[in-house]
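Please look over the sequence and the model shown here before reading on. The text then takes up the parts one at a time.

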Amino acid sequence: MNIAVCVKQTPDTETRVKLTDDQKAVNESDINFILNPYDEFAVEEALKLRETNGGEVTIISLGPDRVKSAIRSALAMGADKAIHLVADKNPSDPNAVAGALAEELKTGNYDLILLGKQAIDDDHAQLPSLLGEKLGLPAVTVVVKLDINGDQVTAEREIDGAHEIVTCNLPAVIGAQRGLNEPRYASLKGIMKAKKIPIEEKPAALAADQLEIESFNYPPEKSAGKIVGDSADAVPELLRLLHEEAKVI
Amino acid sequence: MIHFSEEHEMVRNMVRDFAQKEMAPIAIEADEQERFPKETFQKMAELILLGLPFDPKYGGAGMDIIAYTITLEELARVCAATALSYSAHVSLAASPIDMFGTEAQKQKYLVPLAKGEKIGSFGLTEPGSGSDAGSMKTTAVPEGDHYVLNGSKMWITNAEVADIFVVAAVTDKSKGTRGISNFIIERDFAGFEVGKKEKKLGMRASPTSMLHFTDCRVPKENLLGEENQGFKQFLKVLNGGRVGIAAQALGIAKESLKRAMLYAQEREQFGKKIGEFQGIQFKLADMATKIKASELMIYDAAEKKQAGLPYIHEAGMAKLFATEAATDIANQAIQIHGGVGYTKEFEVERFWRDAKLLEIGEGTSEVQRIVIYRELLKEIDRL
């Protein structure tokens, strides 16, 4: 099975985000970048499918030079090949990214295209669907269970309060959700091997962004917590507040 | 200046991730219950961490000393006891077999150690001989195609769970330190027994026990390298081990600083964050400075070892400085936390208990000073 996994490099989940002075972008100077965690699920699923079906896993990432370290992380997990679509920055418009990725994916004759359901930085969650549209392929996203039998795909996806089971044929685009699998660590052997795999560089065929970011704002500062009581008697009041005020349950 | 390669950074990220996910959730409990986390070792084996520096043809990963040092640092940040058992396995048990063993010994013992199918341990210290290792009493007397071992070993890391032991014994008493040899012992050899487990201040998830040899017959093919070369062999092993012990101290120190820094930005007294008080700031600044110095010394020694240059002086200094700094830094981390720092939940108290051992094990601070002075004496004309 010839599998492509599209990955994005995102700031580490522990990053304290700082904005640029004009508040139009995130200040990248002190950021520790990682492989987008949802894309890790996609890489793991691709590796598992390769283990059962044979074939090849190709990692594709778009962005500036720094994204190579995310590509290496995916290679160290066990992927076979890598393509870096070089751009001077990560575009803010997912449609532009999908266009450039689709141009590359068209040339690869892939049976399956896997990627995270969203990136943890801009959280657009649009790429799986956009890729399906641009490639004319079925796209299933927020997938927590994937079965492939011949060219029959059965994907279980999370929807509000339930799971939906969708079937389609290969080739297809699948957006991975947490729960799909438990990503493996890069083994030391994988790290040594990843170093030797060449990353093919191509210019990203990016159309102009149609989205413009007006500004980023910091989330409001957390206000002080409230102690409702310290015994079981406080539980009803706590439940009421969580439901009515905090609106979390 | 330390320049880590991309590969080294990947090792650091992987081990950090591994330690956070697999070790952090059980670290407090393993310490309290004095339980060796065997499951962690099994998971490490899958990632080839237990064979990190050894040739892939023996089941290792073929990585360098820098990668090994980084690994110890990251493991110790989360659970120093696990790091200690890991270093005893890799650097004290497997590495002498790698350095001095015959091809047959490597196939039989190094391969299962590197693959993590077996756990390793190293026996040098005795009830009556610690820093003065040359005064050991355990004897190995040749008898036909065997040696017969008699005596006891003390403070042996991993003994409770180990399958393969590298053990030193006197083969020719008249020759002093030139009459000591090392042997590879299998756990089920008749006449060999692992004694009671010690109750310790720290490093409690890393088991420490005595070894007893009573007419234990060891096949001659289990002599490590040549007869009477044992003293030289274990000095070489211990020199390498010092960098690893220092790296564990660095890991503890870095995590102590991180915890103390974060707490200082959070805890409020007298209407402001305690980190806004100069008294706390000065403590944190001193902690960070000692960490920087430790890090430079450790990776300088590791780089020299990797390059095949003399590094005994550097390794001794790195161990002396980094381990004493770690105990001090963990102590200050408790102090900055105040009352909660004294509770197990906040972990800094464990960091301090664990750090203390590093000033004692694999050569006390005093022995390091002796080593450093001896090297100084050699360089006297160049000072």
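Predicted model: local features only at pLDDT ≥ 70, side-chain atom pairs only at ≥ 80, totals over all residues.

Residues are numbered from 1 along each chain as its sequence is written, chains are lettered from A and ligands numbered from 1 in the order in which they are written, and side-chain values use heavy atoms, with hydrogens and water left out.

The interface comes first. Contact here means heavy atoms within 4.5 Å, and 15 residues of chain A are in contact with 19 residues of chain B. Tyr185(A), Leu188(A) and Ile191(A) lose the most area on the chain A side, together 52% of what that side buries. Over both sides the buried area is about 1,400 Å², and carbon and sulfur atoms give 68% of that; buried area is the accessible area (1.4 Å probe) that two parts lose on being put together, summed over both. The two chains are also joined by 2 salt bridges, a salt bridge being a side-chain nitrogen of Lys or Arg within 4 Å of a carboxyl oxygen of Asp or Glu. One of them is formed by the side chains of Lys195(A) and Glu7(B), at 2.6 Å from N to O. On the side of chain A that touches chain B, the elements that give two or more residues are α2 (68-77) and α5 (188-196). Helices (H or I, at least four residues) and strands (E, at least two) are DSSP runs, numbered from the N terminus.

Within chain B, helix α9 (residues 348-358) holds Arg350(B). Is Arg350(B) buried or exposed? Arg350(B) has a relative accessible area of 3% and is therefore buried, where buried means under 20% relative accessible area, exposed over 50%, and partly exposed in between (1.4 Å probe, protein chains only). Leaving aside residues up to four places away in sequence, Arg350(B) touches Ala27(B), Ile28(B), Asp31(B), Val78(B) and Cys79(B). Arg350(B) and Cys79(B) are 271 residues apart along the chain, yet their C-alpha atoms are separated by 9.1 Å. Cys79(B) is itself buried, at 5%.

Another helix of chain B, α7 (residues 278-306), has 29 residues, which at 1.5 Å a residue should span 42 Å; its end C-alpha atoms are 41 Å apart, in agreement. The expected span is 1.5 Å times one less than the number of residues. Among the buried residues of α7(B) are Ile280(B), Leu284(B), Met287(B), Ile291(B) and Ile298(B). An α-helix has 3.6 residues a turn, so residues three or four places apart point the same way. The buried residues of α7(B) pack against α1 (6-32), α3 (65-78), α6 (230-266) and α8 (312-337) of chain B. After α7(B) comes Gly308(B), with a positive phi near 75°.

In chain A, the loop between β6 (112-116) and α4 (127-135) contains Gln118(A), which is buried at 16% relative accessibility. Its side chain makes polar contacts with the side chains of Lys117(A), at 2.6 Å, and Asp123(A), at 2.5 Å. A polar contact is a pair of N or O atoms within 3.5 Å; within protein, one must be able to donate a hydrogen and the other to accept it, and residues adjacent in sequence count only if both atoms are side-chain atoms.

Last, the cysteines: the whole structure has 0 disulfides over all chains, a disulfide being a pair of cysteine sulfur atoms within 2.5 Å. For Cys168(A), the nearest cysteine sulfur is that of Cys6(A), 16 Å away. Cys168(A) is buried, with a relative accessible area of 11%.
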